[in-house]
Amino acid sequence: MTVLSATNLSKRYSDVLALDRVDLDVEAGETFGFLGPNGAGKSTFIDILLGFVAPSDGTMSVFGHDCQDDGVAVRERVGVLPEGYAPFDGLSGRQHVEYAIQSKDVDENPVDVLSRVGLRDDAARPATDYSKGMRQRLALAMALVGEPDLLVLDEPTTGLDPNGAAEMRTILREETDRGATIFFSSHVLEQVEAVCDRVGILQNGRLIATDTISGLRDAIGGGTKLVITPAAVDDDALDAVRRIDGVETAVERDGAIEATCTNDAKMDALVELHDAGVEVVNFRTEEASLEDMFVEFTGGARV
Amino acid sequence: MTWRVIARRDWRLLLDARLPKIALVGLIAVVSIAAYVYPVIGTEPITTSRFGAFVSGWLEGVLPAIGVLFGYGAIAREHESGALRLALSMPHGRSTLVLGRFVGRAGVLAAAIVVGMVIAGALVVYPLGTLHPLRFLALVLLTVAHGATWVGIGVAASALVTTNRQALVLAVVALFVLVIVWDAVTAGAEAGIVAAGITDGPIRTVVQVGAQLDPGSAFETLVTALAVSDQSAGAWYDGPALALPVLIGWLFGPLSVAILRFKWRDLA
């Protein structure tokens with residue numbers, strides 16, 4: 001069953017095209033990662049999903065409800081951790097969760113919800129006094145109220161320390177285990193790689209790739225990363241590697257050449273370097289990381 | 001009925017904040033002092049209905065400022081801070097959000113008005129005054145409507161802009177225009193046409209109707225007509241036939257316009 005469906009979705013802000021004819025379907029039960037460099041249009045996409053902004057063209061629906069015309073019906077089934085939000089003035093953490101419980105008209109114990117995100121001991125404190133990480137936990141707690149069918153998380157690990165990020169991943173796994181669908185936008189590629197079944201890459205408002213991580217790897221020619229440590233790296237050595245058929249990218253990093261390439265091109269790269277008079281001290285192959293694939297798909301843009 | 005959840009939250013927030021609490025105590029104090037002074041300086045007979053005519057001028061001075069104070073931060077403050085994103089991530093429609101905020105804030109003011117009026121009624125009636133229950137009830141309801149009108153104007157200002165400062169400026173400008181400028185302009189126009197020797201006819205009617213179109217004049221006219229005396233004041237525009245739709249228009253008009261604008265605009 002399709003949970004989220006965007007069709008020909010575009011959004012223009014005066015002369016800036018923030019989203020350009022995006023088509024995307026997210027299926028029930030999957031954890032979908034939404035990637036893109038700053039300004040790629042990720043937040044605009046989520047803002048349209050939540051009804052904060054209207055699309056200039058196209059439609060987006062969640063559980064069959066149009067996000068603009070029937071936003072309340074959408075949000076009745078969606079838990080949201082919005083980016084760039086602030087807590088309510090004058091309310092404690094507990095009162096925030098109570099507000100979410102009352103708004104969603106469910107019967108839950110706010111202390112249990114706060115315990116789940118590690119805020120039980122801070123429940124009585126004003127939420128405006130919380131740190132950035134605690135605010136993220138609080139918004140997650142509010143999103144989890146009512147066991148939503150879809151969780152929309154916009155940069156959920158912002159401000160979280162590594163333990164906090166790991167706890168969030170655990171919660172997300174628990175949510176998918178009970179059958180929830182997760183739409184996860186993040187610039188932390190390791191987080192996306194760790195939890196997502198499928199990934200969409202957005203660049204300049206266009207969805208340039210949508211696939212599983214292994215599918216993306218295949219799409220860039222098997223997704224092997226060859227790490228070569230030469231005696232010295234110079235532009236000639238890099239150019240020599242880049243010229244080889246099957247090599248997608250070749251960059252210098254920490255004194256080594258990192259090249260994403262097909263399996264067939266690996267030996268060619270080593271031979272080419274040898275012929276160019278470059279002494280190879282060491283080499284190894286790795287599976288291309290999501291970051292490597294991201295760089296490949298976006299032509300060098302970094303998240 | 002999610003507006004109730006929103007209204008309850010705002011009710012609690014307003015009562016927890018220091019400035020609104022001071023304003024509420026001030027309002028109750030003003031109404032109580034008026035009721036304490038009225039039997040001393042008022043003329044016989046001392047009744048709760050004649051108290052309406054005495055206190056309406058005091059209320060016209062106090063209620064607009066308190067109403068605007070209660071309303072202007074309803075939406076814009078959270079728009080500016082980002083809390084509006086959290087509020088709208090819940091299953092509330094935008095109209096419901098504005099309406100709930102209005103009801104919560106107007107409700108607090110209404111409760112304070114009722115408390116103040118109950119105290120005032122007791123002070124007027126004890127020991128020698130007379131209670132006219134229906135007219136006193138009309139006075140209370142009209143005062144609540146007048147207070148809610150100004151809360152609505154404040155909330156409308158808040159929903160039309162994106163920062164708290166803009167909302168405050170817009171609300172204060174509305175207050176200044178409707179309370180001070182309106183009276184001054186219509187009084188000046190009236191004096192002008194009298195000086196020009198126009199004592200009757202459509203021009204004079206237009207000026208006199210114009211003088212009744214602000215919320216304060218409508219409130220005062222209705223208090224005179226419904227809470228003080230049921231005798232007709234004269235021309236149709238000096239009675240409830242004009243004042244009632246005017247007050248209702250100011251109660252719902254600005255809020256409706258703001259809801260429509262807020263409902264369809266991008267909030268990114």
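Trainee: Which residue of E5(A) is the bridge partner of Ser61(A)?

Mentor: The bridge partner of Ser61(A) is Asp66(A). This is a predicted model, in which local features need pLDDT of at least 70 and side-chain atom pairs count only at pLDDT 80 or more, while totals for chains, interfaces and linings use all residues. Residues are numbered from 1 along each chain as its sequence is written, and chains are lettered from A and ligands numbered from 1 in the order in which they are written.

Trainee: Why do E2 (16-27) and E5 (65-66) of chain A count as edges?

Mentor: The open sheet of 4 strands in chain A runs E2-E1-E4-E5, with antiparallel pairing. E2(A) and E5(A) each have a single partner strand, so one side of each lacks a neighbour in the sheet.

Trainee: What makes up the contact between chains A and B?

Mentor: Residues are in contact if their C-beta atoms, placed from the backbone, lie within 7 Å. The contact takes 23 residues from chain A and 20 residues from chain B. On the chain A side, H3(A) gives the largest share, 5 residues.

Trainee: What ipTM and pTM does the model score?

Mentor: The scores are ipTM 0.86 and pTM 0.85.

Definitions and conventions: Contact = placed C-beta atoms within 7 Å. Helix = DSSP H or I, 4+ residues; strand = E, 2+ residues; numbered from the N terminus. Pairing = 2+ DSSP bridges.
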